[in-house]
Amino acid sequence: MIDRSVAIEDGRISKGPLPEVDLRGYYILPGIIDLHGAAFLRNMAPDQTLRTALRATDHAAAAHGVTTAWLSQGWGWSEQGPHSPASAEALLEALDAYRPHALSDLRVQIACETHTTDTADRLLAAVRRHSVDHVMFRNTLPDALLRNDWTPETRARLTEAEGQKRAVPRYLCRLAEAFDTLGVTYGSYADPDGETRETFSMIGAKLCACPTRRSAAALARAVGDPVLLRAGEVAKNSSPLPVTDLIRTRLCDALVSDMSYPALAAAAFHLTATGTLTLPAAWALVSEGPAQILRLHDRGVIDYGRRADLVIVNRATNSVEATLSGGRITHLSGKAATRFLGARADMTMAAE
């Protein structure tokens, strides 16, 4: 932590001198990078468009310091519903149209069910068409088969998906090979044990996101695979997976929002307040760490020439009062708003 000015010019960190905004009493931190967020689903409703849901998600992310975010979208075995391939394709199309108006750098992470072997060509076509750069494998079929409230049509689809079991390994290897060629970063979600994590790691699915057991995180660390944990579980003592303990023992490389954008900044300050990590180390779990994992070399730290993605945090309250994405003000509130609006120079503000 250093006490100095940060200059912004043409969307990048510069050396100035430039017209100034007095932000004494605030932290100026790198913008938050969220590698896995499903809060988008909360904004989905039958009576609104995907564009409306994207706008609501975009504004929520900016209000909590997020400047780069992957929206996790299911690619499942069901032909209907929010996690179907059709829904994923619709979201990708909608985001392509919305992106020029976005406050933050929004992208889609495809959460691909392992038992979808009959959709390989369709999935790869979508990845190529929309330049998807982040895919996670997951298997929710065992839990789905335990439910008894499915319609006959869905139950038949589940049975069909279960019948693909022998073809799954070859399917995943085919996708992995294609992803390597396309430069897609991929991994697995909710690994239940070290053996499962090792299997995914061996096919190239290096990211270990939200493991359900310590053994999976430990295996990932042993083979050099990044571990992503839920920020919302940092302050929970009753969590089945002791996230803070995993962070303390260096079994975590990044924190993700999952269902809560506010949890990201809150987790960093909780880790600082409890003495688990220093503020720079804690904040790196939501900025520099994610940037390195997804090879975003232009962000994650405050340095000359980097993208001007910044979060302005009130030191007294630890609340996000301003967010800048690519040098544009995407969120402004509290006393920081008075500081910015009283500045001598016009500030570029994002608007629709």
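## Helices 2 and 3

In this predicted model, helix 2 and helix 3 run roughly parallel to each other, because an angle under 35 degrees counts as roughly parallel and the two helices pack at about 10°. Helix 2 covers residues 85-98 and helix 3 covers residues 120-129, and their axes lie 11 Å apart.

On the helix 2 side, the contact is made by P85, A86, E89, L92 and E93. Helix 3 contributes R122, A126 and R129. By residue class, this contact consists of 4 nonpolar and 4 charged residues, with no polar ones.

## Nonpolar cores

The largest nonpolar core has 72 residues. Within this core, the members that touch the most others are I110, C112, F137, F179, L255 and W283. In general, nonpolar side chains in soluble globular proteins tend to be buried together.

Leaving out residues up to four places away in sequence, I110 touches Q73, W75, L92, L123, V127, V132, H134, V135 and M136. One of these, L92, also belongs to the helix 2 side of the contact with helix 3.

## Leucine 324

L324 is part of strand 13, which spans residues 320-325. Its relative accessibility is 3%, so L324 counts as buried. Apart from residues up to four places away in sequence, L324 touches I8, T67, A308, D309, L310, I312, I329, T330 and F340.

L182 is 142 residues from L324 along the chain, and the C-alpha atoms of these two residues are separated by 30 Å.

Technical notes:
Residues numbered from 1 in each chain as written. Predicted model: local features only at pLDDT ≥ 70, side-chain atom pairs only at ≥ 80, totals over all residues. Heavy atoms only, no water. Core = buried A, V, L, I, M, F, W, Y, C linked by side-chain atoms within 4.5 Å. Buried < 20%, exposed > 50% of the residue type's maximum accessible area, 1.4 Å probe, protein only. Contact = heavy atoms within 4.5 Å. Helix = DSSP H or I, 4+ residues; strand = E, 2+ residues; numbered from the N terminus. Axes fitted to C-alpha atoms, helices over the stretch in contact; angles between N-to-C directions. Parallel < 35°, antiparallel > 145°, perpendicular 65-115°, else oblique. Nonpolar A, V, L, I, M, F, W, Y, C, P; charged D, E, K, R; others polar.
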